[in-house]
Amino acid sequence: MKRSPLAGIDFSIFPRAVLLLARNPSIILPPLLTSMVGVLMARVLAPGVPDPAGLTSGLGGLIVLLIELFGLGAACVIADDAWRHGRASFDDGWTEARRRGGDILFAAIGISFILAVAQYAGLLIGPLALILTAAAVYFLIWTIPAAAVGGIPGGAAIQVSIDRVRANPLPAAVIAVVTVAVAFFIPAYATAFINEFAFQYVAGTPLISQLIGALIRSIAFAYVALIITKTYTDAAFSRRW
């Protein structure tokens, strides 16, 4: 594998993940399913929340976040199969994801708790809120793949992620930045652009707009699953990517 001159980082992973996703669109299915469930749950439990993928307050936001993190974990299982064999089986991946479901959910609860604490602390200290949240995302970036494909119990996945990040600080930083951009900013702007373009068709029907956002977000989450899974497994086996 060709290595990047920048601290051993192989940036070819990013375009390779695009090609792998095109060959294995089944990776999109778990995030798509959970995103749609999240939309419906958000409308029932938090009808005032415009973005069901966001870190919203209240029970509705927590449930939506947990559901979508589980979808990300299931996508990581299929993504790992795709990286290993070129082609991934959705049935096998979904079966394995359900088997690992308890660990994935436990890891998702840990992530939700830490992010909630970081945000609450940010409310108390003001300008440092963004820094605390960014630090949390940075150190938690490999938590879900650790639980989904690393064979790590859900309760230990956070510590494993922190250890891997400390051992690979620059690669983890690159992955964290790409993950936030792909999973949150790009879908938000893409959804807004599409909704504006199709305004005459979706005006007055917010559910359609939210489902469009769910589709875009699921594609983004599938791509993120590919890059965090690959970089986690490389870091876990002490390989620089």
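Contact here means heavy atoms within 4.5 Å. With that in hand, take Ile-219: leaving aside neighbours within four places in sequence, Ile-219 is in contact with Leu-21 and Ile-28. Keep in mind throughout that this is a predicted model.

Ile-219 sits in helix 11, which covers residues 206–236. At 38% relative accessibility, Ile-219 counts as partly exposed.

**The overall picture**

So what is the protein built from? Its secondary structure comes to eleven helices and zero strands, and read along the sequence the pattern is α-α-α-α-α-α-α-α-α-α-α. The protein has 241 residues, and 49% of them count as buried. If you take the contacts between residues at least 6 apart in sequence, 75% join residues at least 24 apart.

**Where helix 6 meets helix 8**

Two packed helices are described by the angle between their axes and the distance between the axes. Helix 6 (residues 129–140) packs against helix 8 (residues 154–167) at an angle of about 95 degrees, and the axes are 7 Å apart. Angles of 65 to 115 degrees count as roughly perpendicular, and that makes helix 6 roughly perpendicular to helix 8. On the helix 6 side, the contact is made by Tyr-138, Phe-139 and Leu-140. Helix 8 brings Ile-158, Ser-161, Ile-162, Val-165 and Arg-166. Sorted by class, this contact has six nonpolar residues, one polar and one charged.

Is Ser-161 buried or exposed? Ser-161 is buried, with a relative accessible area of 0%. Not counting residues up to four places away in sequence, Ser-161 touches Phe-139, Leu-140, Ile-141, Trp-142 and Thr-143. Arg-166, also in helix 8, is exposed, with a relative accessible area of 63%. Arg-166 and Phe-139 are 27 residues apart in sequence, and their C-alpha atoms are 8.1 Å apart in space.

Back in helix 6 you will also find Ala-135. Ala-135 is partly exposed, at 33% relative accessible area. Ala-135 and Ala-173 are 38 residues apart along the chain, with 9.8 Å between their C-alpha atoms.

**Val-77 in helix 3**

Val-77 lies in helix 3, residues 58–85. Its relative accessibility is 8%, and buried means under 20%, so Val-77 counts as buried. Setting aside residues up to four places away in sequence, Val-77 touches Gly-93, Glu-96, Ala-97, Ala-148 and Val-149. Val-77 and Ala-147 are 70 residues apart in sequence and 9.7 Å apart in space, C-alpha to C-alpha.

| Pair | Apart in sequence | C-alpha to C-alpha |
|---|---|---|
| Val-77 and Ala-147 | 70 residues | 9.7 Å |
| Ala-135 and Ala-173 | 38 residues | 9.8 Å |
| Arg-166 and Phe-139 | 27 residues | 8.1 Å |

**Aromatic rings**

How many aromatic pairs does a search of the whole structure find? The search finds four. A pair of aromatic rings is described by the distance of the centres and the angle of the planes.

One of the pairs is Phe-11 with Phe-14, which is tilted: 6.1 Å centre to centre and 40 degrees between the planes. Phe-11 is partly exposed, with a relative accessible area of 34%, whereas Phe-14 counts as buried at 12% relative accessibility.

Another pair is Phe-90 with Trp-94. Their ring centres are 6.2 Å apart and their planes are at 10 degrees, so the pair is stacked; the cut-off for that is planes under 30 degrees apart. Phe-90 and Trp-94 both lie in helix 4 (residues 90–99), four residues apart, about one turn of the helix. Phe-90 counts as partly exposed at 27% relative accessibility, and Trp-94 counts as partly exposed at 22%. Together with Phe-70, Phe-90 and Trp-94 form one aromatic cluster.

Lys-230 lies over the face of Trp-83, at 5.6 Å from the ring centre.

Key:
Residues numbered from 1 in each chain as written. Predicted model: local features only at pLDDT ≥ 70, side-chain atom pairs only at ≥ 80, totals over all residues. Heavy atoms only, no water. Axes fitted to C-alpha atoms, helices over the stretch in contact; angles between N-to-C directions. Helix = DSSP H or I, 4+ residues; strand = E, 2+ residues; numbered from the N terminus. Parallel < 35°, antiparallel > 145°, perpendicular 65-115°, else oblique. Nonpolar A, V, L, I, M, F, W, Y, C, P; charged D, E, K, R; others polar. Phe/Tyr/Trp six-rings, centres within 6.5 Å; stacked < 30°, edge-to-face > 60°. Buried < 20%, exposed > 50% of the residue type's maximum accessible area, 1.4 Å probe, protein only. Lys NZ or Arg CZ within 6 Å of the ring centre and 35° of its normal.
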